[in-house]
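This briefing is written for a reader who is new to the structure shown below.

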Amino acid sequence: MADTNTIRTVVGIIGNVISFFLFLSPGPTFVKIVKAKSVMEFKVDPYIATILNCAVWVFYGMPFVHPDSVLIITINGFGLAIEFFYVGIFFIYSDWAKRRKIIIALIIEIIFMVILISITLTCLHGTKDRSMLIGIVAIVFNIIMYTSPLTVMKKVITTKSVKYMPFYLSLANFLNGIVWAIYALLKFDIYVLIPNGLGSLSGLVQLLLFAAFYRTTNWNEDEKEVELSESKKADA
């Protein structure tokens, strides 16, 4: 019979696979943006929030902060790279006002990470204290990442349309939260359990909204927006 560590490793690998597809799930959204050469009504907020979230979790998984967390580093390292790519596409196809907001947000995140790393390495000694500090910060920013789609969910409710809430991203969020919560329970890690438990709940709410408003969504508006965007480019 497999021991707990082996089972935890297997679950962690499954979590890496699901998280991998979670990070890739917004792909269709960015295909639309590139084709339209405009961000249309899509929001950059979740992707900027995820950059900070991934950066904190990569640091949390370092052996001098929280040992035996290689699987946390691998998936969040990949996530950090792909989220920068997504934000880069948003930056290219946004107007200057939105670009300025993206730049400011990224600068704030970089400054925050520099301060957090400096305090952790110079003021705290031992993995227990470091794990507690970074774990608490990771919980806060993981919650921000999972609640950042609230702006999109509000739009879904007010417009009765799920066009700007990608289904596969919501599904991946739900499955990802469930698997990583199980991972945290196998070798109890409260810092991984809390945010992923909330993440699975957030994903579930998004799926329920998708089911509720799918039929009232006018999917043909996508083509009209692309044509309008192309027309504006041609007139410019």
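Thr29 is found in helix H2, which covers residues 27–36. In this predicted model, Thr29 has a relative accessible area of 6%, and because a residue under 20% counts as buried, Thr29 is buried. Leaving aside residues up to four places away in sequence, Thr29 touches Phe42 and Pro166.

**Helices H1 and H4**
- The axes of helix H1 (residues 4–24) and helix H4 (residues 70–92) come within 10 Å and cross at roughly 0°, and the two helices are therefore roughly parallel to each other.
- On the side of H1, the contact is made by Thr9, Gly12, Ile13, Asn16, Ser19, Phe20, Phe23 and Leu24, while H4 contributes Leu71, Thr74, Ile75, Phe78, Gly79, Ile82, Glu83 and Tyr86.
- The residues of this contact between H1 and H4 divide into 9 nonpolar, 6 polar and 1 charged.

**Aromatic rings**
- A search of the whole structure finds 13 aromatic pairs, and one of them is the edge-to-face pair of Phe23 and Phe78, with 6.3 Å from centre to centre and 65° between the planes.
- This pair links distant parts of the chain, since Phe23 in helix H1 and Phe78 in helix H4 are 55 residues apart.
- Phe23 counts as buried at 7% relative accessibility, whereas Phe78, at 28%, counts as partly exposed.
- One aromatic cluster is formed by Phe30, Tyr47, Phe85, Tyr86 and Phe90.

**A charge over a ring**
- The charged end of Arg99 sits over the ring of Phe91, at 5.2 Å from the centre of that ring.

Methods:
Residues numbered from 1 in each chain as written. Predicted model: local features only at pLDDT ≥ 70, side-chain atom pairs only at ≥ 80, totals over all residues. Heavy atoms only, no water. Axes fitted to C-alpha atoms, helices over the stretch in contact; angles between N-to-C directions. Helix = DSSP H or I, 4+ residues; strand = E, 2+ residues; numbered from the N terminus. Parallel < 35°, antiparallel > 145°, perpendicular 65-115°, else oblique. Contact = heavy atoms within 4.5 Å. Nonpolar A, V, L, I, M, F, W, Y, C, P; charged D, E, K, R; others polar. Buried < 20%, exposed > 50% of the residue type's maximum accessible area, 1.4 Å probe, protein only. Phe/Tyr/Trp six-rings, centres within 6.5 Å; stacked < 30°, edge-to-face > 60°. Lys NZ or Arg CZ within 6 Å of the ring centre and 35° of its normal.
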